[in-house]
Amino acid sequence: MCTRFVHRGGSVLTGFNFDIDLAVWDHRLVLEPDRFGIGILRPDGLRHIYHGVHRNGNAGTLLYVHGSAAGAFREGGGCMTVADLTERFIQGRLRFDEALLIVATRPIVYAPDATMQAVLSDRQGRTLIVEPGRGWRLDRGAFSLMTNYSLLDPESTRPFVVPGDDRLERAGPMLRSFGGRLTVADAFAVLRAVRQEGPWATRVSFVYAADENAVYYAQDNDFAHIQKHRFAAP
């Protein structure tokens, strides 16, 4: 359960709520001169960053989605997993245009053990929606917003909508109401409004402010204590 948005107004702001069950996932904040991220401990013993921001403005996140058979993991045939694509983007190893070329020319599949969809954005607010097996979309307009259901084929995931989960319906009107005047405080207001509690509670919330080249973040729904991570100067 996660929520991601990119707001393209007077300044570009991207927000993310990271919602996980601590009994299932081991996570840790990664604060580096070139990168802010959430490190997830994987079976290979490494902490992979699938949710984060590079100082070049690349912001990537993976959100759980009910799987599509067409996006099932497979090797060969030029396939790339959506997890690998997202991690490389956050590492700054791919520019936005390069990520766009990859999704346009290569099959994008799920990781072997998880069905996820991605939101990739850059400092200018260009936003790429990637749904393995369903396709991709270059988003335009005032804002982009994704939760844990398909945007490209909503009917495919509608049967799996959790009862009472109206994050998309609540966050959308809020983002629309700000017009071009969204501030960091407003962005956190949206994240707070759609925060999760219980076993799959919101563990990290962050907002990347492109004009400051900095990330503001809060942990464990403690929105009264927001910290700031500023990247090293280029």
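Good morning. The model is predicted, so local features need pLDDT of at least 70 and side-chain atom pairs count only at pLDDT 80 or more, while totals for chains, interfaces and linings use all residues. Residues are numbered from 1 along each chain as its sequence is written, and side-chain values use heavy atoms, with hydrogens and water left out.

Let me begin with strand E4, residues 35-41. Helices (H or I, at least four residues) and strands (E, at least two) are DSSP runs, numbered from the N terminus. How many of the seven residues of E4 are buried? Six of them are, where buried means under 20% relative accessible area, exposed over 50%, and partly exposed in between, with a 1.4 Å probe and protein chains only.

E4 has two partners to consider. Two strands pair if DSSP finds at least two bridges between them. With strand E3, residues 27-31, E4 pairs in the antiparallel sense over five bridges. Arg28 stands opposite Gly39 in E4, and a hairpin of three residues joins E3 to E4. With strand E5, residues 47-54, E4 also runs antiparallel, and seven bridges join the two. Here Leu41 stands opposite Arg47 in E5.

I turn next to the nonpolar cores. In soluble globular proteins, nonpolar side chains tend to be buried together. A nonpolar core is a set of buried Ala, Val, Leu, Ile, Met, Phe, Trp, Tyr and Cys residues joined through side-chain atoms within 4.5 Å. The largest core has 23 residues, of which Phe16, Phe18, Ile38, Val53, Phe206 and Val215 touch the most other members. At least two residues of this core come from each of E1 (2-8), E2, E4, E6, E13 (202-209) and E14 (214-219). Leaving aside neighbours within four places in sequence, Ile38 is in contact (heavy atoms within 4.5 Å) with residues including Phe16, Phe18, Leu29, Ile49, Val204 and Phe206. A second, separate core of 20 residues includes Tyr50, Ala83, Leu85 and Ala118.

Now the pockets. On a 1 Å grid over the protein atoms alone, a pocket is an open set of points where a 1.4 Å probe fits, with protein on both sides within 12 Å along at least five of seven lines; lining residues have an atom within 4 Å of a point. The largest pocket holds about 640 Å³ of space.

Finally, two loop residues. Asn213 lies in the loop between E13 and E14, and its phi is near 50°, a positive value in a residue other than glycine. Asn213 counts as buried because its relative accessibility is 13%. Asp220, in the loop between E14 and strand E15 (227-230), also has a positive phi, near 55°. Thank you for your attention.

Key. Points joined across faces, edges and corners; volume = space filled by probe spheres on them.
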